[in-house]
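Subject: The model we talked about, with notes

Hi there,

Here is the structure I promised to pass on.

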Amino acid sequence: MNPFGWKTLLHGARNPHRLFGIAWAISLLCGAAVQAAIPAGERQALLDIYTSTGGSGWTDHTNWGGAVGTECTWFGISCDGDDSNADVHAVYLDLSQNNLIGTLPATLSSLTYLQIFTAPGNHLSGAIPTLIGMTHLQSFDLSDNQFSGSVPSLAGLDLRNFKVENNQLTGALPTFAGLNNLQLIQVDRNQLTGSLPSLSSFPNLHIFDAHANLLTGPLPSHADLANLQVFSVWGNQLTGTVPSLAGLTTLQIFYVDSNQLSGPLPSVAGLTGLVGFGAGSNHLTGTISSLTGLTNLYVYYVNDNQLTGSLPDLTGLAGLQYFLASGNQLTGSIPALDGLSSLHWFSVGRNQLSGPPPAAPVPNALSPGHSTLCANRLDPTDSLDWDAATGVAPWYRDCVKIFRDGLDGV
């Protein structure tokens with residue numbers, strides 16, 4: 001399990017980019033209370049949504065079911081056009097966290113002019129209906145429901161954002177072929193199988209999140225993803241090597257932990273925007289690259305691999321809060337923690353480190369009981385700070401066996 005969610009890390013002022021999908025598009029829509037009738041097919045599709053999802057029990061169903069010509073005043077709907085425009089269509093439908101239950105109707109695809117459909121945080125179930133024909137659809141969000149079945153075909157759409165995370169979807173991911181304007185794909189926390197799609201056709205992709213599924217096969221190349229900010233596929237069954245991250249100057253989050261990946265740990269040198277990096281619990285080898293200059297780094301964990309060499313210099317990483325490199329084959333001394341006043345969790349146990357422990361940071365923000373220094377071949381120097389941080393008194397109690405029996409006895 002990955003406790004360092006990227007949405008939390010990038011929340012607020014740390015993340016000025018368009019990470020959450022639909023806000024950028026809302027400004028394109030009129031949102032006025034257009035007093036003109038939408039086409040009969042669109043009206044019927046909206047009424048079908050109301051009926052099949054328990055509309056009378058919605059938290060807010062203001063004006064729904066009103067007379068012909070009032071559709072653009074119904075809660076959650078925005079239309080294009082105005083009174084002087086004979087062609088009025090529903091282009092925006094937001095039913096987020098509105099106590100929807102039941103299923104979405106097959107007539108959803110009759111809303112052919114809809115640009116944004118968002119209904120996360122409800123109690124919807126059943127299959128996601130076909131979206132074929134919704135050629136204007138740019139943002140689609142059904143996250144945090146109970147949908148089952150497969151991800152529907154997205155062929156012929158013009159999607160920018162596609163979010164169906166935290167449902168019960170099964171089967172393979174679509175290829176996303178032809179969706180050249182995609183910026184965000186979130187399909188995490190489902191039961192999806194098969195391999196990851198190629199991402200080489202999506203130069204505008206900002207976020208790809210497919211964590212906590214049952215996906216297999218290799219990681220796709222990141223070579224053409226010049227705008228990539230978030231890549232999160234932890235908690236799957238992925239194999240093969242981790243592609244190079246060189247040149248991904250916009251990358252902020254990269255999580256591939258808890259898979260079955262092998263080969264060298266990729267370098268993050270020069271990725272100055274990096275906030276979170278996780279590659280723990282794999283079968284990765286090689287050394288830990290330099291972290292110098294990564295002043296935005298908040299989380300870095302490569303624990304439980306087969307890494308060798310020394311720990312990197314941590315100087316200048318004033319925002320670093322979590323550093324986990326335990327369960328490897330690292331040697332040498334533990335670097336100084338001077339200036340790491342935000343550090344909460346520091347775990348380097350179960351390696352082959354030697355020498356004295358570093359002084360705790362000043363001020364000391366290490367959370368009680370979360371850090372590990374042993375087992376290693378460290379000098380047993382008394383430290384109340386490390387006793388508290390490790391939750392072991394004295395902190396070197398589990399290191400003593402190494403001095404007595406040698407590393408082969410650990």
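**Before you start**

This is a predicted model, in which local features need pLDDT of at least 70 and side-chain atom pairs count only at pLDDT 80 or more, while totals for chains, interfaces and linings use all residues. Residues are numbered from 1 along each chain as its sequence is written, and side-chain values use heavy atoms, with hydrogens and water left out.

The mean pLDDT of the chain is 90, and 90% of its residues reach 70 or more; pLDDT is the predictor's confidence in each residue, on a scale from 0 to 100. One stretch needs care: over residues 12–34 the pLDDT stays under 50. The model has 52 contacts beyond four places in sequence for that stretch, a contact being heavy atoms within 4.5 Å. Where pLDDT is low, the predicted coordinates should not be read in detail.

**Salt bridges**

How many salt bridges does a search of the whole structure find? There are 7, each defined as a side-chain nitrogen of Lys or Arg within 4 Å of a carboxyl oxygen of Asp or Glu.

One of them pairs Lys7 with Glu165, with 3.3 Å between the closest N and O atoms. Lys7 sits in helix α1 (residues 6–9) and Glu165 in the loop between β8 (161–163) and β9 (168–172), so this pair ties together parts that lie 158 residues apart in sequence. Helices (H or I, at least four residues) and strands (E, at least two) are DSSP runs here, numbered from the N terminus.

Another salt bridge brings together Lys163 and Asp141, at 3.8 Å from N to O. This pair links distant parts of the chain, with Lys163 in strand β8 and Asp141 in strand β6 (residues 139–141), 22 residues apart. Lys163 is buried at 9% relative accessibility, and Asp141 is buried at 8%.

Arg397 and Asp398 form a salt bridge too, their closest N and O atoms being 3.7 Å apart. Asp398 is partly exposed, with a relative accessible area of 41%.

**Disulfides**

A disulfide is a covalent bond between the sulfur atoms of two cysteines. The search of the whole structure finds 2 of them, taking a pair of cysteine sulfur atoms within 2.5 Å as the test. Counting bonded cysteines along the chain, the pattern is 1-2, 3-4.

- Cys72 is joined to Cys79, with 2.0 Å from S to S. The link is left-handed, at -100 degrees about the S-S bond. Cys72 is buried at 3% relative accessible area, and Cys79 is buried at 0%.
- Cys374 and Cys399 have their sulfur atoms 1.8 Å apart. Their link is left-handed at -110 degrees about the S-S bond. Cys374 lies in the loop between β24 (352–355) and β25 (377–378), and Cys399 in the loop between α4 (384–390) and α5 (400–405), 25 residues away in the chain. Both Cys374 and Cys399 are buried.

**Around β24**

Strand β24 has a covered face, made of Leu353 and Gly355, and an uncovered one, made of Gln352 and Ser354. Strand β22 (residues 331–332) pairs with β24 in the parallel sense over 2 bridges; two strands pair if DSSP finds at least two bridges between them. Within that pairing, Gly332 has Leu353 of β24 as its bridge partner. β24 also pairs with β25, again parallel and over 2 bridges, and Gly355 has Leu378 of β25 as its bridge partner.

**Asp209**

Asp209 belongs to strand β12 (residues 207–209) and is buried at 1% relative accessible area. Which residues is Asp209 in contact with, leaving aside its neighbours within four places in sequence? They are Trp6, Ile185, Gln186, Val187, Asp188 and Ser232. Trp6 is 203 residues away from Asp209 in sequence, yet the two are 9.7 Å apart in space, C-alpha to C-alpha.

The side chain of Asp209 also makes a polar contact of 2.7 Å with that of His211. A polar contact is a pair of N or O atoms within 3.5 Å; within protein, one must be able to donate a hydrogen and the other to accept it, and residues adjacent in sequence count only if both atoms are side-chain atoms.

Technical notes. Buried < 20%, exposed > 50% of the residue type's maximum accessible area, 1.4 Å probe, protein only.
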